[in-house]
Amino acid sequence: MSLSRLSVELIPRSTEALLDDVASVKALFPAADTLNVPDLMRFPLRSWDAAALIRPHFARVVPHIRAIDIAPDAPLPGADQPGLEEVLVVHGDPPADLSHRTYPNSTESIIRRYKKEAPHLRIYAAFDPYRRAPWQELEDVARKKEAGAEGFFTQPVFDLKLFDLCHEWLRDETVFWGLSPVIGPRSRSYWETTNHVVFPKDFEPTLEANIHFAQTVLRRLSQEKGRAYLMPLRVKLDQYLPPLLEALA
């Protein structure tokens, strides 16, 4: 068996760098059928504009949409983009640049707007097992589903026991399970400080250990035709992606 969907997350640093990464994914990792693109304030290229650049080269693209950036009367990003079929609505972190205007939107309110104003789009929401108590996160899952979310992208997981637990919690949902390499102490510190990740005691921040972990999760998901997305941060695509094809053979 195999995965039903497999995405690679690409950072939209610039048009040229993004299209180079798209070409690399196509060449190095033909198992990917989707690309997802975060919306990062430190880069000028917004996720939905990046999706428009990618789509001529890669049919399935999921731009991330920050709920707090959308003005009440503003058009919804990507709603009128030809060929776009899916978006991921996230709440969004407060911007470092205080001149950037934000709005007191909830994720659910923006999901509802998409369902009303762009019903042709499939809407995903986020699931994060690290940021709060599980019962609170699962209550959020229920609220996002009620608002119209049809599936979820998880924060990357780094622990098989936590993956199994979350898999049980979300067993009836459509889920893209996140996997991301953590290489070296600085990368580990980033995840612990910014995203409150608790790593298992035997976690090894090496490329080899991270590849092995990702292979293990992908094999498990392949048995049930599940979904996953890969977030290859701070690693070269040609070092991280090709070894994962072994888990999909």
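Guide: Axes here are lines fitted to C-alpha atoms, for helices over the stretch in contact, and angles run from 0 to 180 degrees between N-to-C directions. The model is predicted. Two packed helices are described by the angle between their axes and the distance between the axes. For α7 (residues 207–222) and α8 (residues 237–244), the packing angle is about 35° and the axes lie 9 Å apart. The handedness of this crossing is right-handed. On the α7 side the contact involves L207, I211, A214, Q215 and L218, which meet Q239, Y240, P243 and L244 of α8.

Helix α7 also lies across strands β1, β7 (175–179) and β8 (227–230), and runs at about 165° to β7. These strands belong to a closed barrel of eight, ordered β1-β2-β3-β4-β5-β6-β7-β8 with parallel pairing. From one strand to the next, the twist averages 25°. Another helix, α2 (residues 47–54), lies across β2 and β3 (61–66), at about 170° to β3.

Most residues other than glycine have a negative phi, and most peptide bonds are trans. H196, in the loop between α6 (184–194) and α7, has a positive phi near 60°. Its relative accessible area of 47% makes H196 partly exposed. R234, in the loop between β8 and α8, likewise has a positive phi, near 60°. With 60% relative accessibility, R234 counts as exposed, because the cut-off for exposed is over 50%.

E137, D140, V141, K144 and A147 are buried in α4. Viewed down the helix axis, these buried residues fall within an arc of 125°, so they line one face of α4. On the other side of the helix, W135 and E146 are exposed. The cover over the buried residues includes α3 (107–117), β5 (122–127) and β6 (151–154). Just after α4, G148 takes a positive phi of about 130°.

How values were computed: Residues are numbered from 1 along each chain as its sequence is written. This is a predicted model: local features need pLDDT of at least 70, side-chain atom pairs count only at pLDDT 80 or more; totals for chains, interfaces and linings use all residues. Side-chain values use heavy atoms; hydrogens and water are left out. Buried means under 20% relative accessible area, exposed over 50%, partly exposed in between (1.4 Å probe, protein chains only). Helices (H or I, at least four residues) and strands (E, at least two) are DSSP runs, numbered from the N terminus. The arc is that of the directions from the helix axis to the C-beta atoms. Contact means heavy atoms within 4.5 Å. Two strands pair if DSSP finds at least two bridges between them. A crossing is left-handed if the near helix is turned anticlockwise from the far one by less than a right angle, and right-handed if clockwise.
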